[in-house]
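Trainee: I'm new to this structure, so please pick one part and take me through it slowly.

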Amino acid sequence: MQTKIPRAQKGFTLVEILVVVIILGIAGAIIVPSIGSRDDLKAAAAARVIMADLIYAQNLAITSQGNRYVNFDTVNQQYSVTDSAAVVIQHPVNHVPYIQKFGGASQSSLPDLKLVSTNFVGISGVAQKIIGFDELGTPLTCSALGVTETLASGTMTIQAGKYKLKVDIEPYTGQISVNPAP
């Protein structure tokens, strides 16, 4: 009488499964913390938000045929989108005042970010904190007294951790570019 030799079972052993789980755990412990501390990605995301808000203000000025402004406040770490009477407009999506905060923890803020500086210079050479757009979409500077003039140069700097980005606005066209800050 012949005895049948049992066929080998196909599958993984407990040791093999444990080795894979340990490797995944080590990889996760190394990768996951570094994802949350990517200051360059945080700064780039904030730059995209600022660009979108500037483009929105420019498009709103063109479609409404009236000046629209973005008022940057480095002291309070925020900016707001306003109409020609300096009244903060309503955000088109969530219908709250169009104010963007830096470094806050709310949904309407850009966490872990700092608005370092703004420099909007008009043709007279005076730097302002307010940039605007006229009915043709041309960038303007605006003083606290409401005096507007065509933008000669415009930059703002944002920072996440030690990483800084500079957002530049071109005169006449309003073209926006983002570059690493020195």
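**From a pocket to the rings and strands**

Mentor: Let's start with the second largest pocket, whose lining residues divide into seven nonpolar, six polar and one charged. (Ala, Val, Leu, Ile, Met, Phe, Trp, Tyr, Cys and Pro count as nonpolar, Asp, Glu, Lys and Arg as charged, and the others, Gly among them, as polar.) This is a predicted model, so local features need pLDDT of at least 70 and side-chain atom pairs pLDDT 80 or more, while totals for chains, interfaces and linings use all residues. Residues are numbered from 1 along each chain as its sequence is written, and side-chain values use heavy atoms, leaving out hydrogens and water.

The pocket's volume is about 150 Å³, and of its 14 lining residues, Y69, T82, A86, I130 and C142 are the closest to its centre. A pocket here is an open set of points on a 1 Å grid over the protein atoms alone, where a 1.4 Å probe fits, with protein on both sides within 12 Å along at least five of seven lines; lining residues have an atom within 4 Å of a point. Points are joined across faces, edges and corners, and the volume is the space filled by probe spheres set on them.

Now for the rings. Rings of Phe, Tyr and Trp (its six-membered ring) pair if their centres lie within 6.5 Å; planes under 30 degrees apart are stacked, over 60 edge-to-face, the rest tilted. That rule gives four aromatic pairs. In one of them, Y56 and Y98 are stacked, 5.6 Å centre to centre with 25° between the planes. Y56 sits in helix α2 (residues 39-64) and Y98 in the loop between β2 (78-82) and β3 (99-102), so this pair ties together parts 42 residues apart in sequence. (Helices, H or I of at least four residues, and strands, E of at least two, are DSSP runs numbered from the N terminus.) Y98 is buried at 6% relative accessible area, whereas Y56, at 25%, is partly exposed. Buried means under 20%, exposed over 50%, partly exposed in between, with a 1.4 Å probe and protein chains only.

Y79 and F102 have ring centres 6.0 Å apart and planes at 55°, so that pair is tilted. It links strand β2 to strand β3, across 23 residues, and both residues are buried. Ring pairs also join F72, Y79, F102 and F120 into a cluster.

F120 takes us to the strands: its bridge partner in β6 is Q128. Strands β5 and β6 (residues 127-128) pair antiparallel over two bridges, where pairing needs at least two DSSP bridges.
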